[in-house]
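Visitor: I have a model open on my screen and would like to learn how to read it. Could you walk me through it, one feature at a time?

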Amino acid sequence: MEFLKEILGEELYSQAKEKVDTYNKEHKDKPMKLVNLSEGNYVSKEKFDNKETEISTLKTQVEDANKEIQSYKDMDIESIKKSATDWEDKYNKLVESQEEAKKKSIRNERTNAFFNDVKFASESAKAGVIAQFNEKDFKYDEQTGKFQGANEWLEELKKNDVGAFQSEVANPKFTTEISTPTNNSSMDEVMKVMGLKEERKEK
């Protein structure tokens, strides 16, 4: 405090120091200090409070960060990764399943439309033909709206497996006229009309 002594003088400085010492004895909880402001040792209360708040905030942030870091340390990262992978696989399989179901539904609708006008001999015959059709896996042309090669395959099948389809001839016609036998007709004539031949035995 030599600087103050030089400014105030020995007598005035001694009086001031004495008063400060007396005050400090009476107020030990809040002592007073003589400070040379030119040395930059003084900070205003406002600045001090702001700095205290800033330090407190930073301290809270550091504590929160440490807690967050610790929570990650406590986690089973491998289990979390596996769980995430499992959920991703389930999602992909679900999407794939939905896509397959959609494609199958569209394919069935187109197949039913293809066989819509075909007349089968029975439901079992229909099921068998459609099963063969599905095995062929004909490619569907989006532009023409038709299965490529399916018509030709069906026509060939109708020739080779006639029993699976209803006859396209609604009312069959006889090539020869049928005459009703009379009472005077002989047995040979009756059998001839019926399309039979009599077997004669030699005596």
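Guide: Gladly! Let's begin with exposure: buried means under 20% relative accessible area, exposed over 50%, and partly exposed in between (1.4 Å probe, protein chains only). Lys158, at 24% relative accessibility, counts as partly exposed. Keep in mind that this is a predicted model, where local features need pLDDT of at least 70 and side-chain atom pairs count only at pLDDT 80 or more, while totals for chains, interfaces and linings use all residues. Residues are numbered from 1 along each chain as its sequence is written, and side-chain values use heavy atoms, leaving out hydrogens and water.

Visitor: How many helices and strands does the protein have?

Guide: Helices (H or I, at least four residues) and strands (E, at least two) are DSSP runs, numbered from the N terminus. Here there are seven helices and two strands, in the order α-α-α-α-α-β-β-α-α. Of the 203 residues, 12% count as buried.

Visitor: Which residues of helix H6 are buried?

Guide: In H6 (residues 150–160), the buried residues are Ala150, Trp153, Leu154 and Leu157. Seen down the helix axis, they fall within an arc of 100 degrees (taken from the directions from the axis to the C-beta atoms), so they line one face of H6. On the other side of H6, Glu152 and Lys159 are exposed.

Visitor: What covers the buried residues of H6?

Guide: The cover includes H4, helix H5 (123–136) and strand S2 (146–147). It is judged by contact, meaning heavy atoms within 4.5 Å.

Visitor: And how should I read salt bridges?

Guide: Side chains of opposite charge can pair when their charged atoms come close. The cut-off is a side-chain nitrogen of Lys or Arg within 4 Å of a carboxyl oxygen of Asp or Glu. The structure holds four, among them Asp137 with Arg107 (3.6 Å, N to O). Asp137 lies in the loop between H5 and strand S1 (140–141) and Arg107 in helix H4, so this pair ties together parts 30 residues apart in sequence.

Visitor: Which residue forms a salt bridge with Arg110?

Guide: That is Glu142, with the closest N and O atoms 3.2 Å apart. Arg110 is in helix H4 and Glu142 in the loop between S1 and S2, so the pair ties together parts 32 residues apart in sequence. Lys158 also has a partner, Glu155, at 3.9 Å between the closest N and O atoms. These two are three residues apart in helix H6, separated by about one helical turn.
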